[in-house]
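Dear colleague,

I am pleased to hand over the structure below.

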Amino acid sequence: MTAVPAETGLKASSERGRLARARLLRGLLPALSLVLVLLAIAWLNPRAISYFGFSLMLNLAIPIALATIAQMFVIAGNELDLSIGTFVGFVGCVTATWLKDAPLVGVLILLGSICVYALLGALIYLRNLPSIVVTLGMSFVWQGLAILILPKPGGKAPDWLLSLMAFKPPFIPFPIIAALLIAAVVHFGLMRTSYGVILRGSGGNAAALSRAGWSLLKTKVMLFALAGLFGVLSGMALIGITTSADANIGNGYTLLAIAGVILGGGEFVGGRISPIGAVIGALTLALAASPLLTFMHIPPDWQVAANGAILIIVLAARVLISRRER
Amino acid sequence: MASLRLLLAKPWIWSFIGALLVWLATIAFTGGYGGGGMITAALSLAVFTVIVGVGQMFVITLGPGNVDLSLPANIGLASAVAMKVMDGNDSMIVVGLLAALACGMAIGAANYLLIWALRIPPIIATLSASFIIQSIDISYGRGLQIKPPPGFASFTNWQILGIPVLAILTVLFSIGAAIALQRMIYGRSVLAIGQNIRAAWLAGVNVGRIRFLTYTLSGALGGLDGALLAGYFRGANVDIGNEYLLACIAVVVIGGTSVAGGKANVPGVWGAALFLVLLLTMLNTFGVSAGVRLLLTGLIIVGVITAAGGQKALR
């Protein structure tokens, strides 16, 4: 008599345990793929695994991680930003010119551009526009402005930015500390605060959120403003590393940022995103993009292909694991 | 009056009005000079955007997240394949076109294989595939300097009474695509999947087969476009398709196709393609710098989409 419920209870709990394990594994997957890439690098070139090696290999990971976080905010609200790459380029051009020569004007321009992002969010919500097209149009706007500011490559990063990006803390390379910091701050803000839940909820179930009395206009404006803020940070970090700017410097970041979010376990719809995963995804992409391929002695012709292949392999692994979740 | 209101309610009419306004603005600027030539040039350039745009339209109609980002790489590789097979030889034109089509179809099928087997979101799958295709193109087309066969080059530039023959053929093709979309089981299935993939599946639509066909179709059109571009611009090039990455998405959406899927519009693709090409011509005629041209292009795209308003769109 008592054996039956006990057995079903056991079954249910083992089922739950299996699901929890699969979910944990899925959450760990971005980290696993990063470890895999690191192991491959260590195996191919043990000397790269050092303070100096990491500082060098992960140098460009900071702006990529920041741009990925910016894209993640937009994806959290079920939108997509196709302009983040050219926006990073625009910010870079402002940083290398106005921010150095007339800091006050530079700061105002950058704040203004964040406001433009916020207004775009409002426009997309109020007129119910497809964000893909609006941001596609904006990508031309940012690129045009960047070319107007800096017609040919040049400019110079402000000194304080240069010394910040060249910071050499003891024991742990700066890019790793920066990545941890970015991940921790965004994770806390988006995953642990009550308004963070509301923001993600606007992607998960907008109708329910609006019936509960929350303004969807505000959440959309907030998500886009945050994307703008992190886009600005990404552009500044990039110029801090490269020291000078070029109007096309950020163009590759649009697709890189989308790939980073997805690699980090985010999904295009439903507000399912992970800040820590996104940062890890960006690091994986940054490492897989060039250091790994250089160490593998892949001829330049096939480096892009290897990049695509790595993306496919990681995502395939994710599918194998999430299939067990169902 | 009622018919006018009916016409204005069509989502594709705005892109044609936009194209007309841009053309009138340019004519006003030049004082009526070169208006006809401008239309001829716009028609011959719009053709290439329309061909890939129609392919992209079918893909986007499949529903949220469906988009083919591999088209630019596809165009690049197919242009190289077509030129290599034709080898400057008039008798090989048809074989070269078929080879480019086959190359594009193989890419489309490979895209769907990735999406189906690995359950990767189509954006990422086609993006990763485009990296691989790009590498193949770089290594296959290295140092490729084969001119198109003279017959093929003059065919792509052939005009009758100022109207490019390629444009006439593409109009016929668009009519075919519109019939396939609205009146054939294939097109209705694409629309059904875009509206509700689960409902379509329950209604007995073979979802997998239709999606496979759609990605293959998009790939094939990319391949055809590559061959034609190589003929028109007198040679293959790795970067020949780059500008079509954004252009083919833009014409689909400006043309009134819903990004949320399930609602497609063929005439709008033509209107939007003409609009974009004429816009570029207008800004060039005004003699503005590259920066201002990009800035205005962007602002006008945002303005047009804001004025036309969005329908129910998930993103």
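**Surroundings of B:Ile60**

Apart from neighbours within four places in sequence, B:Ile60 is in contact with B:Asn66, B:Val67, B:Val252, B:Thr257, B:Val259 and B:Gly261; two residues are in contact if their C-beta atoms, placed from the backbone, lie within 7 Å. This is a predicted model, in which local features need pLDDT of at least 70, side-chain atom pairs count only at pLDDT 80 or more, and totals for chains, interfaces and linings use all residues. Residues are numbered from 1 along each chain as its sequence is written, while chains are lettered from A and ligands numbered from 1 in the order in which they are written.

B:Ile60 lies in helix H3 of chain B. Helices (H or I, at least four residues) and strands (E, at least two) are DSSP runs, numbered from the N terminus. B:Ile60 counts as buried because it has 30 C-beta neighbours inside 10 Å. A residue is buried if 20 or more other C-beta atoms lie within 10 Å of its own, exposed if 12 or fewer, and partly exposed in between, with C-beta atoms placed from the backbone. B:Ala227 is 167 residues from B:Ile60 in sequence, and their C-alpha atoms are 23 Å apart in space.

**The two chains**

Chain A has 16 helices and zero strands. Its radius of gyration is 21 Å, close to the 20 Å that the globule rule gives for 326 residues, so chain A is as compact as a globular protein of that length. The radius of gyration is taken over C-alpha atoms, and the globule rule is 2.2 Å times the number of residues to the power 0.38. The C-alpha atoms of chain A fill a box of roughly 85 × 55 × 40 Å along the principal axes, and 50% of its 326 residues count as buried.

Chain B contains 14 helices and two strands. For its 315 residues the globule rule gives 20 Å, and the radius of gyration of chain B is close to this at 19 Å, so it is as compact as a globular protein of that length. Along the principal axes, its C-alpha atoms fill a box of roughly 60 × 55 × 35 Å. Of the 315 residues of chain B, 54% count as buried. Among contacts in chain B between residues at least 6 apart in sequence, 80% join residues at least 24 apart.

**Where the chains meet**

The contact takes 41 residues from chain A and 41 residues from chain B. On the side of chain A that touches chain B, helix H7 (131-149), helix H13 (253-263) and helix H16 (300-325) each supply at least two residues. H7(A) provides the largest share of that side, 15 residues. By class, the side of chain A that touches chain B has 29 nonpolar, nine polar and three charged residues. Here Ala, Val, Leu, Ile, Met, Phe, Trp, Tyr, Cys and Pro count as nonpolar, Asp, Glu, Lys and Arg as charged, and the others, Gly among them, as polar.

**The nonpolar core**

The largest nonpolar core has 209 residues, of which A:Ala65, A:Leu283 and B:Ala250 touch the most other members. Helix H3 (residues 35-61) of chain B gives the most to this core, with 15 residues. A nonpolar core is a set of buried Ala, Val, Leu, Ile, Met, Phe, Trp, Tyr and Cys residues joined through C-beta atoms within 7 Å. Not counting residues up to four places away in sequence, B:Ala250 touches A:Val133, A:Leu136, B:Ala272, B:Leu276 and B:Ile301.

**Helix H4 of chain B and two loop residues**

In H4(B), 15 of the 16 residues are buried, so this helix is largely enclosed by the rest of the structure. H4(B) is followed by B:Asp87, which is found in the loop between H4 and helix H5 (93-118) of chain B. Phi of B:Asp87 is near 55 degrees, a positive value in a residue other than glycine. B:Asp87 is partly exposed, with 13 other C-beta atoms within 10 Å.

B:Arg234 is found in the loop between helix H11 (207-232) and helix H12 (244-254) of chain B. Phi of B:Arg234 is positive, near 60 degrees, and this residue is not glycine. B:Arg234 is exposed, with 12 other C-beta atoms within 10 Å.

With kind regards
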